[in-house]
Amino acid sequence: MLLDFKEIPKANEGSGLQDTFELFGRDFLETIGYQIISEPDRGADGRKDLIVGETRKGVGGTTQKKWLVSCKHHAHSGNSVTQDNEPDILDRVKAHKCDGFIGIYSTLPAVSLSNKLKGLEDKIEFLTFDREKIEKILLESVSGNKLAQRYFPLSYKNYTKENPTPAKLFADQSSIHCENCGKDLLENKEGIWVALETYPRDYTKPSHTKGIYFSCKGKCDDILRSRYRNEGLYDAGWDDIPDLLVPTPLLFKMNTIINSLMNGETYEKDAMEKIKRMFICCFPYISRDLTSEEKETVARLMSIPNFLGGMGHNY
Ligand SMILES: [Zn+2]
């Protein structure tokens, strides 16, 4: 599990506050498309169930379904939700004039409960969202991620740290593709970049990089390598592209290029443009989103001619 449901506090017993897990259940269902018909709140008479609506579009037109929702937060004890925790399901569904029952559980439904629900199959519809289903749904959409961030701030932060996605830094964030098969090498975190020089090499002079190519490892690289060899270019060096998606190696590699220039090594203009583009494309992977203040700074710097080293793109 990536999200720790214990981050949601235990049900409030007599504190007068709303139960956070019920609020989560409401927001969760709203995020995945249900309409909230009645909010969870606690009156003097005890509990009031959450009721949600679902609009189904079928060939016969639109139908409106009403669901009774039960939220059970057992994450702190770790116990599954049993038949005894959900008494009188059918009566509660009928009393609220609902068509079905939804269970939202921060643990798992016990076998006894699953069997009980199966026994009601021909009378009402039912659905259960356990912690695994909830987590999967939350992490696969943007709105779900937002909700996860709100209710699971610590585990969500840890999750994004371990599963970094590129920061949105440029208006047109481009990528690097294999020049043989077209595969997106950054998205797939694979492949190499290869520096090409003319053959035979004159070792008395600093190197001159004639060209650069990007490629998958293996077959695509073999094809590209022999294509360039036919043109009299040989592969003088290569690096793994995924290494450039890690902060320190990216910085080291940029330094290596600067050092090579200081040592008098030269690059064909197109080759250097490709190297620069590669660094620009890799940078979002080791960076983070800009704050609004930083965005203004970047806009100001972009208006200064040549500030970005003549990158020559709309970056
Ligand atoms: Zn390829």
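Residues are termed buried when their relative accessible area is under 20%, exposed when it is over 50% and partly exposed in between, with a 1.4 Å probe and protein chains only. By this criterion, six of the seven residues of strand S8 are buried, so strand S8 is largely enclosed by the rest of the structure. The structure is a predicted model, in which local features need pLDDT of at least 70 and side-chain atom pairs count only at pLDDT 80 or more, whereas totals for chains, interfaces and linings use all residues. Residues are numbered from 1 along each chain as its sequence is written, and side-chain values use heavy atoms, with hydrogens and water left out.

The domain assignment, whose bounds come from an automatic or database source, divides the protein chain into domain 1 (5-162) and domain 2 (192-302). The centres of domain 1 and domain 2, taken over C-alpha atoms, are separated by 51 Å. Helices (H or I, at least four residues) and strands (E, at least two) are DSSP runs numbered from the N terminus, and two strands are said to pair if DSSP finds at least two bridges between them.

Strand S8, which spans residues 192-198, belongs to an open sheet of three strands in the order S10-S8-S11, with antiparallel pairing. The edge strands of this sheet are S10 (211-215) and S11 (233-240), each of which pairs on one side only. Neighbouring strands are turned by 30° against each other on average, with direction ignored; axes here are lines fitted to C-alpha atoms, for helices over the stretch in contact, and angles run from 0 to 180 degrees between N-to-C directions. Strands S8 and S11 are joined in the antiparallel sense over seven bridges, and in S11 the bridge partner of Trp 193 is Asp 239, while Ile 192 stands opposite Asp 240. The antiparallel pairing of S8 with S10 extends over five bridges, and Leu 196 stands opposite Gly 211 in S10. Helix H9 (residues 269-286) lies across S8 and S10 and runs at about 40° to S10.

Ser 260 is located in helix H8 (residues 247-262). With a relative accessibility of 7%, Ser 260 counts as buried. When residues up to four places away in sequence are not counted, Ser 260 touches Glu 265 and Tyr 267, contact being defined as heavy atoms within 4.5 Å.

A further open sheet consists of five strands in the order S1-S4-S5-S6-S7, and its pairing is mixed. Strand S1 (35-38) and strand S7 (125-129) form its edges, each pairing on one side only, and neighbouring strands of this sheet are turned by 30° against each other on average, direction ignored. Within this sheet, strand S4 (residues 50-58) and strand S5 (residues 61-72) pair in the antiparallel sense over nine bridges, and the bridge partner of Lys 57 in S5 is Thr 62. Helix H4 (residues 131-139) lies across strand S6 (100-105) and S7, at about 75° to S7.

The axes of helix H1 (residues 20-31) and helix H5 (residues 142-151) come within 10 Å and cross at roughly 170°. This crossing makes H1 roughly antiparallel to H5, given that angles over 145 degrees count as roughly antiparallel, under 35 as roughly parallel, 65 to 115 as roughly perpendicular and the rest as oblique. The contact involves Thr 20, Leu 23, Phe 24, Asp 27, Phe 28 and Thr 31 of H1, together with Ser 143, Gly 144, Leu 147, Arg 150 and Tyr 151 of H5. These residues divide into five nonpolar, four polar and two charged, where Ala, Val, Leu, Ile, Met, Phe, Trp, Tyr, Cys and Pro count as nonpolar, Asp, Glu, Lys and Arg as charged, and the others, Gly among them, as polar.
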